[in-house]
Amino acid sequence: MTPTARPTVEPYPVSPVRPVPASIPRPNYVGLDVDPPYTGSDVQPPEIIEAMREAGALAALAIAETGKLVAPGVTTDQLDAFAHEFVCDHGAYPSALLYPGHGAPPFPKAICTSVNEVICHGIPDARPLEDGDLVKIDITVFKNGVHGDSCVTFPCGEIDQASRDLMVRTKEAMDRAIKAVKPGRQLNIIGRVIEAYAKRFGYGVVREYTGHGVHTAFHSGLVVLHYDEPRVTTVIEPGMTFTIEPMLTLGEAANHVWDDGWTVVTNDYSRCAQFEHSLVVTETGAEVLTLAPGEKP
Ligand code: MF3
Ligand code: CO
Ligand code: CO
């Protein structure tokens, strides 16, 4: 493993909060200091699932289109500006915008852009992307009363082989976990599959940030671990909707948060890749709700 030993990313200025047209409905947490706890069922009715197909497809499309802009010299704020407008133009609210922090100010941007050793929750800012950067773009949209949440890691210019392998294998870890989802199994199958695959390559598995139930609530309270935890005995049922979003690192997975209260970085500054899909459990497996156009499950 190759801990880079020193940071490649540092805080840059963050632009002012961009407006969302008043005609677009807001999620319930906007303007609050805490995300109101969800107390309903983990299993969703058909009409919610149908709405999630549309929100999921939009999140995936927004990521694919924003990802096309990733290039040396482009700032993550420019990625945010594009994604913000794209999501609003499709009549949706970018769910990250003003999402309450835990003691931190609300998240100030429409999307998360997490570069290199930033694991997740990177705030788009004035840092220009550099050739060789690994750029995670995480977009959640709120449309028709439900959220669709997805993340893709993009290479900026030419990335080194270790980063490329990490990227490909993190996607593979997520795909394997999705294939392992079946009604009647315990939720801990997901973390077991991801951790076992990651360990083959000596990768770190981030523990503190997890997949989650997603539907009318952005983070429902249902926790989906990416590491093996046999004590999680929740049984997977048809109609459950949640994300799987492994974060794998080239070095140690231990991490800390910047003073901004959001940006999560590896302690050893090793690089991290992440992929995320929102999915619904079917009678026989899982249906991915956040497929990009032309993307196969
Ligand atoms: N989209 C992230 C997730 O996968 C959460 C981002 S919350 C934010 O759960 F406030 F940081 F945007
Ligand atoms: Co998520
Ligand atoms: Co996400």
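What follows is a short tour of the ligands and their surroundings.

Guide: This is a predicted model, in which local features need pLDDT of at least 70, side-chain atom pairs count only at pLDDT 80 or more, and totals for chains, interfaces and linings use all residues. Residues are numbered from 1 along each chain as its sequence is written, chains are lettered from A and ligands numbered from 1 in the order in which they are written, and side-chain values use heavy atoms, with hydrogens and water left out.

Visitor: What makes a residue a donor of the cobalt ion (ligand 2), and which protein residues are its donors?

Guide: A donor is an N, O or S atom within 2.8 Å of the metal (3.2 Å for Na, K and Ca); water is not among the atoms, so sites may look incomplete. D149 (OD), H212 (NE2), E245 (OE) and E276 (OE) lie 2.0 to 2.2 Å from the cobalt ion (ligand 2), so they are its protein donors. Along the chain their spacing is D-x62-H-x32-E-x30-E.

Visitor: Why is the arrangement around the cobalt ion (ligand 2) called irregular?

Guide: Six donors count as octahedral if opposite donors are over 155 degrees apart and all others between 65 and 115; four count as square planar by those angles, or as tetrahedral if all angles lie between 85 and 135 degrees; anything else is irregular. Here the six donor atoms subtend angles of 51 to 160°, which makes the arrangement irregular.

Visitor: Which protein donors does the cobalt ion (ligand 3) have?

Guide: They are D138 (OD), D138 (OD), D149 (OD) and E276 (OE), at 2.1 to 2.2 Å. Their spacing reads D-x10-D-x126-E. The site of the cobalt ion (ligand 3) is irregular, with angles of 59 to 167° among six donor atoms.

Visitor: Which residue coordinates both cobalt ions?

Guide: D149 coordinates both, and the ions, ligand 2 and ligand 3, are 3.3 Å apart.

Visitor: How do you know that E245 makes a polar contact with ligand 1?

Guide: A polar contact is a pair of N or O atoms within 3.5 Å; within protein, one must be able to donate a hydrogen and the other to accept it, and residues adjacent in sequence count only if both atoms are side-chain atoms. An N or O atom in the E245 side chain is 2.7 Å from an oxygen atom of ligand 1, so the pair qualifies. Polar side-chain atoms of E276 and D149 lie 3.0 Å and 3.1 Å from an oxygen atom of ligand 1.
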